[in-house]
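Student: Could you go through this model with me, one piece at a time? I would like to ask things as they come up.

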Amino acid sequence: MRQIEPPVDDGITYCLRHPNTETNLRCGRCDDLICPRCMVTSPVGARCPDCARIGRPAILDTSSSELTRAVVSGFAAAIAGAIALSIVVKILFAMPFIGIVYWIVAAGGMAVMGYLVGEAIRYGSGKKIDKRLKYVAAGCVFIGWLATFILLPVFGLPSSFIATSPGIVGLIIAYYIASSRVRL
Ligand SMILES: [Zn+2]
Ligand SMILES: [Zn+2]
């Protein structure tokens, strides 16, 4: 972009934006001299602040309102999932519970919750690619699991239903499914 070079007496070059800072770093896109104070590290190398702004795809920029929407959507999906799972368990608890059914309901139910939480976060964030969404997914899945743990006794059921092996395995599966829905 800019072709004007800073003074280059005695071979020492200075940052274009910080004329007192000696540097020999250049922006990989426009070749401007940059220094550690103003350079932006991108996946394709060092960039000056201007090029970093131009080169950055909008999909990588999650605004704080999008992040808030992602958290709220994920939380709502987790609570809705916990209520739905508790109701399903309540209905099925009337029947004789044999091992495999227990696994399908607890682990499968958590897996479905993980999918819903992941999708809610993905759409809530405007389908952004952001590492932070992975932590949102982890937090919301855990909230969903915890809400189920708290809700089951409200429905007159033992919370151990979700707190033994099938429920714990379900929690892990839910986490992997949720974080696979949000792209990193
Ligand atoms: Zn540049
Ligand atoms: Zn600089």
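**Loops, helices and cores**

Tutor: Lys127 is found in the loop between H3 and H4, where helices (H or I, at least four residues) and strands (E, at least two) are DSSP runs, numbered from the N terminus. Before we go on, note that this is a predicted model, in which local features need pLDDT of at least 70 and side-chain atom pairs count only at pLDDT 80 or more, while totals for chains, interfaces and linings use all residues. Residues are numbered from 1 along each chain as its sequence is written, and chains are lettered from A and ligands numbered from 1 in the order in which they are written.

Student: OK, and what is the phi of Lys127 near?

Tutor: The phi of Lys127 is near 55°, which is a positive value in a residue other than glycine. Most residues other than glycine have a negative phi.

Student: Is Lys127 buried or exposed?

Tutor: Lys127 is exposed, because it has 12 other C-beta atoms within 10 Å. A residue is buried if 20 or more other C-beta atoms lie within 10 Å of its own, exposed if 12 or fewer, and partly exposed in between, with C-beta atoms placed from the backbone.

Student: Where is Asp31 found?

Tutor: Asp31 is in the loop between strand E1 (25-26) and strand E2 (33-34), and Asp31 has a positive phi of about 75° although it is not a glycine. Asp31 counts as partly exposed because it has 14 C-beta neighbours inside 10 Å.

Student: Switching topic, how is the protein chain divided into domains?

Tutor: There is domain 1 (9-56) and domain 2 (59-181), with bounds that come from an automatic or database domain assignment. The C-alpha centres of domain 1 and domain 2 lie 45 Å apart.

Student: And which residues of the largest nonpolar core touch the most other members?

Tutor: Of its 34 residues, they are Ala78, Val117, Ile121, Ala137, Cys140, Val141 and Ala174. Helix H2 (64-92), H3, H4, H5 and H6 each supply at least two residues of this core, and the largest share, 10 residues, comes from H3. A nonpolar core is a set of buried Ala, Val, Leu, Ile, Met, Phe, Trp, Tyr and Cys residues joined through C-beta atoms within 7 Å.

Student: What does Ala78 touch?

Tutor: Not counting residues up to four places away in sequence, Ala78 touches Met113, Val117, Cys140, Val141, Ile143, Gly144 and Ala147, where contact is counted if the C-beta atoms of two residues, placed from the backbone, lie within 7 Å. Apart from this core lies another, of 9 residues, among them Cys15, Ile34, Met39 and Cys51.

Student: How do H4 and H6 cross?

Tutor: Their axes come within 9 Å and cross at roughly 145°, the axes being lines fitted to C-alpha atoms, for helices over the stretch in contact, with angles that run from 0 to 180 degrees between N-to-C directions. The contact is made by residues including Ala137 and Val141 of H4 and Leu171 and Ala174 of H6.

Student: Which helices do the buried residues of H6 pack against?

Tutor: The buried residues of H6 pack against helix H3 (99-124), helix H4 (132-154) and helix H5 (160-163).

Student: Why does the span of H6 agree with what it should be?

Tutor: At 1.5 Å a residue, the 17 residues of H6 (residues 165-181) should span 24 Å, and its end C-alpha atoms are 24 Å apart, so the two agree. The expected span of a helix is 1.5 Å times one less than its number of residues.
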